[in-house]
Amino acid sequence: MAHRPVDIRRLGPSDLSLVRQLNTLFGDAFDDPDTFEAAPPDDVWLTGLLAKEHVVALVALSGTEVVGGLVAYELEKFERARREFYIYDLAVAVGYRRRGIATALIEHLRAIAAQRDVWVIYVQADYGDDPAIALYEKLGIREYVMHFDIEVASTT
């Protein structure tokens, strides 16, 4: 069965409906709709975020449907005059997995990173997420690190 090809596209300030579709996809893929849909940011917030060069939101489109996506942030470093990208979210809709879409999204980010003279892209994977781990091992070198979430006290 032939699959319809997908187009990879970087979102910009005018792509509000696509970024909202992307958040819905992330909520479904991560089984966490509350985080991604319960309190959506307004159009002004999203427009401003999508206008920032150091914030990259990519979508994989099948026609007009968002079937995959990636959000990455460019970080400037103090130890050397260099930058790196951190892939914060990456997901592909269930019916579109195992078609190379996640790899295509990462490759598109690689091209953006090369244009911006970024030295490395890094991403985290959860233990037990074997498909993600296999993908990342195919594309990069595994580092053994621990991740900690440090809560911030509310000021309100």
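**Salt bridges and strand pairing**

This is a predicted model, in which local features need pLDDT of at least 70 and side-chain atom pairs count only at pLDDT 80 or more, while totals for chains, interfaces and linings use all residues. Residues are numbered from 1 along each chain as its sequence is written, and side-chain values use heavy atoms, with hydrogens and water left out. The structure holds 8 salt bridges, a salt bridge being a side-chain nitrogen of Lys or Arg within 4 Å of a carboxyl oxygen of Asp or Glu. Side chains of opposite charge can pair when their charged atoms come close.

**Arginine 9 and aspartate 15**

- A salt bridge joins arginine 9 to aspartate 15, with the closest N and O atoms 2.4 Å apart.
- Aspartate 15 is buried at a relative accessible area of 9%, whereas arginine 9 is partly exposed at 35%.
- Here buried means under 20% relative accessible area, exposed means over 50%, and partly exposed lies in between (1.4 Å probe, protein chains only).

- Arginine 116 and glutamate 74 form a salt bridge whose closest N and O atoms are 2.5 Å apart.
- Arginine 116 lies in the loop between helix H4 (101-115) and strand E5 (120-123), and glutamate 74 lies in strand E3 (residues 65-76), so the pair ties together parts that are 42 residues apart in sequence.
- Helices (H or I, at least four residues) and strands (E, at least two) are DSSP runs, numbered from the N terminus.
- Glutamate 74 is buried, with 8% relative accessibility, while arginine 116 is partly exposed at 26%.
- A network of salt bridges links Glu53, Glu74, Arg83 and Arg116.

**A pair within helix H4**

- Arginine 110 meets glutamate 107 in a salt bridge at 2.8 Å, N to O.
- The two residues, arginine 110 and glutamate 107, are 3 residues apart in helix H4, which means that about one helical turn separates them.
- Both ends are partly exposed, arginine 110 at 36% relative accessibility and glutamate 107 at 34%.

- Strand E2 (residues 55-62) pairs with E3 in the antiparallel sense over 8 bridges; two strands pair if DSSP finds at least two bridges between them.
- Valine 66 in E3 stands opposite leucine 61.
- The hairpin of E2 and E3 has 2 residues between the strands, and glycine 63 takes a positive phi near 70° there.
- E3 also pairs with strand E4 (residues 83-92), in the antiparallel sense and over 9 bridges.
- Leucine 70 stands opposite leucine 90 in E4, and a hairpin of 6 residues joins E3 to E4.
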